[in-house]
Amino acid sequence: MNLKKLLALLLALVLVAGLAACGGGGETATTPAPADPGETGTPAPAPQDDPPAQIITLTYYGFSEWTDSDPFRAVYEEAVAKFEAENPGYRIELQSDPWGDWEMQYRAMFAAGNPADIFIVNNPDFPVFANSGALLNLDDFVEPGYFNQFFPGVLDFYTWQGNTMAIPFTTDCRILWWNRDIFEEAGLDPDVPPATWDELIAFANQITENTGSHGFGMDLGLTEFPAQALFNASTGSVLDVAADGSITPTVDTPEFRAYLQMLLDLQPTFQPDFAVTNHHDVARLFAAGQFGMIIGNTLVETDVYDHDFWGQGFVPRMNATAPHGSFGGGFGIAVSANTAAPEAAVRFAQILTSAEFNSRLISDFPASEAGIAVSDFAADPNFAVYLEVLPHARQAQPKTLFYAEIEAAIHEVVAAVLIGGMDIDTAVEELTNRITAVVNG
Amino acid sequence: MKGSLGSLRKLGVYLYVLPAALIMLVMLGYPIIYNFVISFFNWTLRDPEITFHGFTNYIRVLTDHRFPMIVTNTVVWTVLGVVLQMVIGIALALFVDSMRRGKKYMRTIALLPWLIPGVVTALMWRFMFQADVGIINSVLMSIGVTDRNILFLADPNISMFSVIFVNLWRATPFWFLMITAALQSKPIDQIEAATLDGARYPTILRHVLLPYLSPVIATTGVLTTIWTLNYFDLIWVMTRGGPLDSTSTLPVYTFRLAFEFNDFGRSAALAVVSLILVSIMCIPYIIKIFSNLKERGAL
Amino acid sequence: MKKKSAAHRLATLFIVAAATLLILFPLYWMLSTSLKPEAEIFQLPPTLLPETFVLENYEFAWTQAQIPIYFLNSVTYVLGTLVVVLICGSLAAYGMSRFKFRGKPAFLLILLLTQVMPMTTLIVPLFVSFGNFGLLNNRIALIAVYSAIQLPLAIWLLLAYFNSVPKEIDEAARIDGCTGLQVLLRIILPLAKPGLMAVGLSISIWVWQELMLAMTFTTTDAMRPLMAGISASIGRAGVRWGQMNAVGMISIVPIIIAYIFLQRNLVAGLTGGAVKE
């Protein structure tokens, strides 16, 4: 046999193996294999509330910044201890990945059809996982009215086709920070932040002209909706999702056009440096006195609180009659549809999201009044404004199966206006077309 | 009797190749075929049904508004990148070779960038390129080259050159290494003869050194073309293909399709398209290598 | 050679200085940044030397980011891949160097073509398959993928190197009764040692640097190699530059140490076989 024939034979074998594995892959995605087969053996589904015949290990998956770092790690262990005491026969194993790897791992986990039993879920990804059948319908496992304790807007992120498939865990919001010293230097009243988009533009330009600082520190992000918090302080929304799930782009509105115009008017006051992409950098530059104003979330805290020049306020609104608004999202806790012990898994998810534990497990805000009331935020004056803004936070892109692709389309079109010289009419038309293309496949 | 022993021995020859061939079949051959299969299916995370999709993924990928830009970017990134790596790498190697003192020093430092992991290189330069705190803008402004920050990674007209520059920093040492190694056994007799005939350095370079170096240039050319084309880490960490897709190359967008947009079918289709394009770009090189090997009787 | 003019010497000096600055400054800047507190990193104008000298970024890297574990994992992956590639690669290269068989050009062509494959084609199919066979987060699976990717180039380089060992030597050994494998072990490999060293070094560098596959196929800290650990310093709000630079410094130290010791082999070996004829 010569090598060519041998290779042809092997190639044929591989081809067959490839097709067989493809069938297997497809099967996995529709009827996934039991989670975590290696560690638990093959546990039989446990009858409700009776301890299982053999110990069942349930896996919780989160990201390391919370699950595996000080001071949160100890609280997770406390929650696990409480669960294991109340649920004999079950064990919880905590798993996590650092944020940089987490998103990738977590998508890959679903792609392979082997998610952990209980896991943290990012709200933009929720519809994708809910629709793929990977998530357990929690309404069948909790007492009626259980979900009423959570903020309704946040709870709404986690319902899909009438079913609640994750428990709200965290939420957040953006607020306006301004630098009083720079305001004073620019000839502005250091106690009066801009309340509307027009004032924001005027103040930012005045600062840029009169001082050595940038008026407004814009964080455009790599693929995010740029400065969404500002857009959300209007009645605008880029999508309309009908009751039957059909999606219509609603880009051609006075709100979106005004938002684009505002970014253009703000442009002389900031440098749209996509390399300065992250919240840390913007916050540090604000702390270093280089920006007159920024829109920031709780993650900016580290350095800023060492200074006393800052003020905090509501996100400037589109105009004096527009509603208050901000950008906020958060995470939920979901349970895998194919966990070996759904009741127990849901009980652990409920412990994590209970007022007793919730606020101590995360650095963001808990997603319930009760959780916030017992949190450190409640008594801390540095967070008073956040708590006021929190109820106004929302997302301009209602939940759909296409979050990431629509988000990228918005980012690209807004960037084209800011740095590519695209005019607003073209941009509105372009974004409408792109969203239509994404939704129609 | 002798015949069957001979054929047995012949079969035995394949045993040497078998372990390596098996590993590559399972870990490279199988996935690439599986990837090909996936490219014909509607395989997204959002849809529980995985269904046969015909050429839909290919049609969507090829009619994607980003596609022409991404192909152009890939070609610019690869061709400009490799040509610059080659020219600078060869020039630097010849220069160092002609030095009387300091050869060892130059060789030691010239190879360093190649040893730094791409991720680290990318973050290091991204930090230096920043508009507000970046050291490069700071220096350029203090010596008066520019009076406002240059947006190395944010300006779509500059960003591609910035990432090509960083890749040049990272990849040129490999060319330097290959050429330097080749120059260790350069044809000294011919060079001396030419010098005695009164030939100047450019003549020697053209008629002696470059012909001598051409096999290693071809090999290195193939390798670096393929590596550059498929290189992902650097652009991903520096710009993620942005802004306005100005640094988006095929591997970057293939990755985004799968892991940002959750569409494995389309990602697989784009991977197949990439494979075809890469092959087209590399076939001239591959033929060159093969003819060289044949000349040298290595086959 | 003619005596070089002053202008020539000045030009030489200029090129040496420029190359030194271009190559060493980014590394110096990484070191300097890693020793600054976060506030100083964002100070304008930037400070060339740290004004406040801190080790907190290294402390973070060593205690919070689990760098010691990642470090050992990386070493495991490098060694595992080295063993597989050098053994299987030597066998294949020897077979092709010393025996004639018809499919050889085809096999070499296939090896080249595997180099063309974008790594993005591997991730989704292998992830799904590894998931199905319980091979995710498995050292052997990752080493196997690394080996498969490194084998083609290793075979090419080793083949060139083995070809440069005169065939007369092993023919003589065969007359003395050595089998093919003995010829490889006793004659070819010792003669090709610089080539093996060079191939080994280039494999080690590649495995040490690899990120995409590592972060896809390992899911716990116990298995994660160093490069995946570096992406750990990219947090939810972005890069913390001080910590990033410290982790970066730690990750390049072993490479530079290995480089200092093995530099001669690398330069002499990598192309030795390919060029000398």
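For these notes I take helices and strands as DSSP runs, numbered from the N terminus, a helix needing at least four residues. I also keep in mind that this is a predicted model.

**Leu244 of chain B.** I looked up Leu244(B) and found it in the loop between α10 (233-238) and α11 (250-259) of chain B. Although Leu244(B) is not a glycine, its phi is positive, at about 50 degrees. I count Leu244(B) as buried because 22 other C-beta atoms lie within 10 Å, where the cut-off is 20 or more.

**Gln161 of chain A.** I then turned to Gln161(A), another non-glycine residue with a positive phi, here near 50 degrees, which sits in the loop between β4 (159-160) and β5 (163-164) of chain A. Gln161(A) has 10 other C-beta atoms within 10 Å and is therefore exposed.

**A cis bond in chain A.** I noted that the peptide bond from Asp70(A) to Pro71(A) is cis, with omega near 0 degrees, and that Pro71(A) falls in the loop between α3 (64-67) and α4 (72-86) of chain A.

**Chains C and B.** I looked up the contacts between these chains and found 73 residues of chain C touching 69 residues of chain B. Helix α13 (residues 241-270) of chain C gives the largest share of the chain C side, 12 residues, and that side divides into 53 nonpolar, 17 polar and three charged residues.

**Confidence in chain B.** I found a mean pLDDT of 85 for chain B, with 94% of the residues scoring at least 70; confidence is lowest in helix α12 (residues 264-295) of chain B, at a mean of 79, and highest in helix α3 (residues 67-98) of chain B, at 93.

Conventions. Residues are numbered from 1 along each chain as its sequence is written. Chains are lettered from A and ligands numbered from 1 in the order in which they are written. This is a predicted model: local features need pLDDT of at least 70, side-chain atom pairs count only at pLDDT 80 or more; totals for chains, interfaces and linings use all residues. Two residues are in contact if their C-beta atoms, placed from the backbone, lie within 7 Å. Helices (H or I, at least four residues) and strands (E, at least two) are DSSP runs, numbered from the N terminus. Ala, Val, Leu, Ile, Met, Phe, Trp, Tyr, Cys and Pro count as nonpolar, Asp, Glu, Lys and Arg as charged, and the others, Gly among them, as polar. pLDDT is the predictor's confidence in each residue, from 0 to 100. A residue is buried if 20 or more other C-beta atoms lie within 10 Å of its own, exposed if 12 or fewer, and partly exposed in between; C-beta atoms are placed from the backbone.
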